[in-house]
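Please look over the structure shown below. The briefing that follows treats its contacts and charged pairs by topic.

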Amino acid sequence: MMQVQDRPLGRGPGPILEVRDLRVEFPTRRGVLTALDGVSFDIAPGEVLGVVGESGAGKSMTGAAIIGLLEPPGRIAGGEIRLNGRRIDNLPYEPMRRIRGREIGAIFQDPLTTLNPLYTVGRQLIETMQTHLDLSDREARQRAIGWLEMVGIPAAAQRVDSYPHEFSGGMRQRVVIALALCAEPKLIVADEPTTALDVSIQAQIIALLKRLAREKGTAMMLVTHDMGVIAETADRVAVMYAGRVAEIGPVRDVVKAPKHPYTDGLMASIPPLDRKVHHLAGIEGAMPRLSAIPRGCAFNPRCPHVFDRCRVERPELLDTGTTRAACWLYDPASEKQAPELFRHA
Amino acid sequence: MPDPVPMLAAEDVARSFDVSRPWLQRVLAGEGKRTLRAVDGVSFEIPKGTTLSLVGESGCGKSTVARLVVGLYRPSRGRILFDGVELEQARADAAQRRRMQMIFQDPYASLNPRWRVRDIVAEPIRAFGMVSEAAAQREKVAELLTQVGLSPLDGEKYPHEFSGGQRQRISIARALSSNPEFLVCDEPTSALDVSVQAQILNLMKDLQRRLGLTYLFISHNLAVVRQISDRIGVMYLGRLVELAPAETLFTAPRHPYTRALMEAIPDLDMTGRQRIPVGGEVPSPISPPSGCPFHPRCPLANARCKAEMPALLPPRGQPDTIVACHAVEEGRDPAPAPAGADQRMGTTATAL
């Protein structure tokens with residue numbers, strides 16, 4: 001099968017989101033740090049793109065750049081972000097604020113800091129909807145109750161007048177999801193939406209997000225460090241390492257038959273639930289700091305298959321047959337070719 | 001022949017906390033005192049050289065057990081025996097106290113940022129007066145750092161110069177410096193990235209083999225626990241609901257809560273599978289439900305479960321396991337199935 005998945009899997013004509021060669025820099029006293037370097041991907045309508053990586057890989061930064069909430073002094077220093085074909089990375093604050101909420105919904109890790117503790121959840125929902133949609137007070141309230149029902153809050157008609165602190169953690173995250181969805185955005189950026197929750201609640205929230213994205217045809221970028229969550233939820237995955245995309249492709253191919261040595265090591269590090277292993281594979285060393293990203297491929301000092309070219313030249317995303325991986329092993333011109341030793345491959 | 005005296009024995013240990021509002025507010029509102037029963041009658045033994053893990057969701061009391069076991073809290077009821085000696089007595093004796101150490105979750109908070117690594121690692125050696133000579137101390141620190149996979153030269157650095165995984169190695173070196181036999185590890189890998197977590201788990205297993213250590217391992221991650229444990233206790237609202245050998249717990253989980261937990265974990269093999277998550281949330285430990293604390297979320301609950309607290313009993317045909325469940329006792333639970341069995345079926349049944 002030689003179908004190359006560099007395009008999204010979803011339905012519809014064009015992608016909702018296009019990110020091209022995104023570069024984010026942080027000027028510091030000791031020089032400019034490059035936090036994201038040449039990140040590119042698309043998300044189609046109704047599609048869930050998982051973005052995984054370890055801390056510091058730049059996955060949250062990518063989400064923040066898309067919703068226009070980069071922490072200063074961080075700035076977009078290159079590339080393009082397009083929403084429905086329209087460029088949004090260079091918009092001033094006010095037009096971008098209108099896009100946030102109306103066209104892009106955001107869900108963050110900690111549901112308590114996302115909600116305003118001084119307003120009832122109903123008021124927050126109503127205000128969000130009325131900012132972006134033309135609704136009367138009564139209509140907005142009816143819809144607020146409808147959204148709370150949709151995200152599975154029992155007795156929604158009464159709970160709509162409760163304050164955030166009256167909800168448990170899992171219920172709060174449901175409110176946050178309702179808040180992100182209530183203006184019916186085309187794209188949702190969810191940054192670790194289940195990380196602060198216990199596993200039994202996590203499963204409920206994942207099921208909810210998946211269902212809503214499918215029903216509403218919303219595109220979703222799901223940022224998480226948990227491969228299990230990705231495997232359950234995403235259609236495609238982008239694996240990030242040191243501010244770059246290491247591998248991108250359909251979820252099944254990336255999880256079951258990773259092609260990039262980093263993805264392979266990452267998958268082998270995850271303790272399996274269905275058996276005990278004598279020794280977990282792991283990856284030696286740690287991700288480089290932004291101030292010391294190695295020349296060539298950023299993964300080369302930890303890579304078991306490293307060869308000369310990796311230390312000099314940075315690999316682009318290359319076709320591996322199933323996914324696309326930033327690895328010289330997949331360039332026919334390299335002196336070393338991809339070994340048959342990758343798991344499941 | 002294994003030592004018959006367990007390294008640690010907990011007998012009906014309970015710990016409650018007073019969470020009442022201030023006196024004046026209480027009087028004005030006309031309400032009484034409120035207590036939170038964080039741990040409510042937990043018993044277990046850890047044989048020497050083995051690992052017992054406690055798993056559960058936040059608020060189940062697992063970290064409180066860890067703190068009780070090292071003497072950071074005193075139990076409100078029950079007793080804890082360390083190598084056959086009352087814990088309080090053992091804690092009073094430095095020679096006994098040095099035999100137990102703790103590793104904490106957050107390697108960013110548990111190391112003093114203003115001390116050099118060599119001083120951090122040497123602190124227990126000095127506190128217990130184990131090696132007095134400076135040169136011998138340096139040698140011991142170098143040996144400890146090597147043992148956890150760091151370089152002796154790293155002793156000159158400060159904690160901020162290390163990554164999370166390396167810091168956790170420093171915590172482990174510090175814990176090992178008093179030559180302990182028993183380590184209490186409270187979520188030692190939860191703050192770490194997965195590739196680093198694998199390194200630390202391997203290191204801990206390796207040290208256990210080489211030094212004959214006994215671990216009490218606290219975690220919320222069942223997959224991690226499976227890799228490291230001999231026996232596993234599942235906690236819910238301050239109580240043990242199931243205690244079983246690690247393999248048995250995964251191949252034949254019995255308590256409905258254990259089964260729900262296993263079902264809830266997103267598994268890599270489950271790609272595309274629809275799961276039925278357990279409903280509801282953990283109730284407040286301040287006002288736990290009557291009878292079995294799991295009954296409001298349990299698919300097998302009946303009138304007896306609502307009224308009567310189940311005892312920990314071995315289910316039929318599984319003498320090594322104990323389960324606190326009326327349904328299991330009465331034989332009305334579905335046949336035990338290994339964790340992951342339906343997942344694999346799910347993979348083949350669901351096209352992506």
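**Contact between chains A and B**

The contact takes 46 residues from chain A and 50 residues from chain B, where contact means heavy atoms within 4.5 Å. This is a predicted model, in which local features need pLDDT of at least 70 and side-chain atom pairs count only at pLDDT 80 or more, while totals for chains, interfaces and linings use all residues. Residues are numbered from 1 along each chain as its sequence is written, chains are lettered from A and ligands numbered from 1 in the order in which they are written, and side-chain values use heavy atoms, with hydrogens and water left out.

- About 3,900 Å² is buried between chain A and chain B, with carbon and sulfur atoms giving 51% of that area; buried area is the accessible area (1.4 Å probe) that two parts lose on being put together, summed over both.
- A:Glu232, A:Arg252 and A:Leu273 supply 19% of the area that chain A buries against chain B, more than any other three residues.
- Between chain A and chain B there are 0 salt bridges, a salt bridge being a side-chain nitrogen of Lys or Arg within 4 Å of a carboxyl oxygen of Asp or Glu.
- The count between chain A and chain B is 14 residue pairs in polar contact, both at pLDDT 80 or more (a pair of N or O atoms within 3.5 Å; within protein, one must be able to donate a hydrogen and the other to accept it, and residues adjacent in sequence count only if both atoms are side-chain atoms).
- On the side of chain A that touches chain B, H8(A) gives the most, with 9 residues; helices (H or I, at least four residues) and strands (E, at least two) are DSSP runs, numbered from the N terminus.

**Salt bridges within the chains**

- Over all chains, the count comes to 44 salt bridges.
- A:Glu94 and A:Arg97 meet in a salt bridge (3.1 Å, N to O), and these two residues, being 3 residues apart in helix H2 (residues 93-102) of chain A, are separated by about one helical turn.
- A:Glu94 is partly exposed at 36% relative accessible area, and A:Arg97 is partly exposed at 35%, where buried means under 20%, exposed over 50% and partly exposed in between (1.4 Å probe, protein chains only).
- B:Lys48 forms a salt bridge with B:Asp83, their closest N and O atoms being 2.6 Å apart; B:Lys48 lies in the loop between strand E2 (35-46) and strand E3 (51-55) and B:Asp83 in the loop between strand E4 (77-82) and strand E5 (85-86) of chain B, so the pair ties together parts that are 35 residues apart in sequence.
- In the salt bridge of B:Lys157 with B:Asp154 the closest N and O atoms are 3.2 Å apart; B:Lys157 is partly exposed at 31%, whereas B:Asp154 counts as buried at 11%.

**Domains of chain B**

- The domain assignment, automatic or from a database, gives domain 1 (8-252) and domain 2 (253-273 + 289-352) in chain B.
- The centres of domain 1 and domain 2 of chain B, taken over C-alpha atoms, are separated by 28 Å.
- These two domains of chain B bury about 1,800 Å² between them, 66% of it on carbon and sulfur atoms.
- In domain 1 of chain B, B:Tyr236, B:Val241 and B:Glu242 lose the most area to domain 2, together 30% of what that side buries.
- Between domain 1 and domain 2 of chain B the count is 1 salt bridge.
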